[in-house]
Amino acid sequence: MAPSQYEHLFVRDLVDCRDDMTNEAEAAGRPLPANLSRPWAIMRAEDVPEAKAYITMSWVHPTQEETFWVHEHQHEYDEVLVFTGSDPEDPHDLGAEVYLDIEGERHLITTSGAVYVPAGTRHCPLGFTRVDRPFRFLAVAVSGDGHYRPESER
């Protein structure tokens, strides 16, 4: 079978992308919370040069302790934050209570879904008051160039 002209568009090996982060865990000067996995790169320009978005995924594991994760910040691009529960019998139930501030207003998230954060919007802190079962968190940076950090910070 001849090699596909589209093979370069696939990401088949997820890599730890914590060095790309700027506002969470080690990048913000504190350890990654014990109930979080490392962030994994799903799609980025480093892996697929044509990529226009930067997508990461983390697993959030159970904890009954309130856990702070990400400091307040803003981006020059739009961002989508995705929270998906892991119960196949009830995919709407996140199995957790997440808090997220947008422009200083606190929001609680208890269902699977997504949050659209327009460019320039202050968002976070982000954390968990409880996590009863694992869930997935994805951050989609609609940066236009497949990077999380602006060019001046790379």
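Hi everyone, some ground rules before we start. Residues are numbered from 1 along each chain as its sequence is written, and side-chain values use heavy atoms, with hydrogens and water left out. Since the model is predicted, local features need pLDDT of at least 70 and side-chain atom pairs count only at pLDDT 80 or more, while totals for chains, interfaces and linings use all residues.

Let's begin with strands. When I say strand, I mean a DSSP run of at least two residues, labelled E and numbered from the N terminus; helices, H or I, would need at least four. Two strands pair if DSSP finds at least two bridges between them.

E3 pairs with E10 in the antiparallel sense, over seven bridges, and here Ser58 sits opposite Phe137 of E10. E5 also pairs with E10, antiparallel, over eight bridges; Val80 has Val140 in E10 as its bridge partner.

Now move over to E9. E4 and E9 run antiparallel and are joined by three bridges, with Thr67 opposite Phe128 in E9. E6 and E9 pair in the antiparallel sense over six bridges, and Tyr99 has Gly127 in E9 as its bridge partner.

On to the core. By nonpolar core I mean a set of buried Ala, Val, Leu, Ile, Met, Phe, Trp, Tyr and Cys residues joined through side-chain atoms within 4.5 Å. Buried is under 20% relative accessible area, exposed is over 50%, and partly exposed is in between, using a 1.4 Å probe and protein chains only.

Which residues touch the most other members of the largest nonpolar core? They are Phe83, Leu126, Phe135 and Phe137, out of 22 residues in that core. Strands E4 (67–70), E5 (78–85), E6 (93–102), E8 (113–117), E9 (123–131) and E10 (135–142) each give two or more residues to this core. There is also a second, separate core of seven residues, including Met21, Tyr54, Tyr77 and Tyr148.

Phe137 deserves a click in your viewer. Leaving out residues up to four places away in sequence, Phe137 has contacts, meaning heavy atoms within 4.5 Å, with Thr56, Met57, Ser58, Val60, Trp69, Leu81, Val82, Phe83 and Leu126.

For cavities, the search uses a 1 Å grid over the protein atoms alone: a cavity is a set of points where a 1.4 Å probe fits but cannot get out, and lining residues have an atom within 4 Å of a point. Grid points are joined across faces, edges and corners, and a volume is the space filled by probe spheres set on the points.

How many cavities of 30 Å³ or more does that rule give? The count is one, and the volume of the largest cavity is about 220 Å³. Its lining has 22 residues, and Met21, Glu24, Trp69, Val70 and Phe137 lie nearest its centre. E3, E4, E5, E9 and E10 each give two or more residues to that lining, with E9 giving the most, at three residues.

Next, the cysteines. A disulfide here is a pair of cysteine sulfur atoms within 2.5 Å, and a search of the whole structure finds zero of them.

Most residues other than glycine have a negative phi, and most peptide bonds are trans. Cys124, in strand E9, has a positive phi near 85°, and a cis peptide bond with omega of about 20° joins Cys124 to Pro125.

Last stop, Glu50. Glu50 is in the loop between strand E2 (40–43) and strand E3 (54–60) and is partly exposed, with a relative accessible area of 42%. Beyond residues up to four places away in sequence, Glu50 touches His8 and Leu9. The C-alpha atoms of Glu50 and Cys124 are 29 Å apart.

Thanks, and happy to chat.

Definitions and conventions
On a 1 Å grid over the protein atoms alone, a cavity is a set of points where a 1.4 Å probe fits but cannot get out, and a pocket is an open set with protein on both sides within 12 Å along at least five of seven lines; lining residues have an atom within 4 Å of a point.
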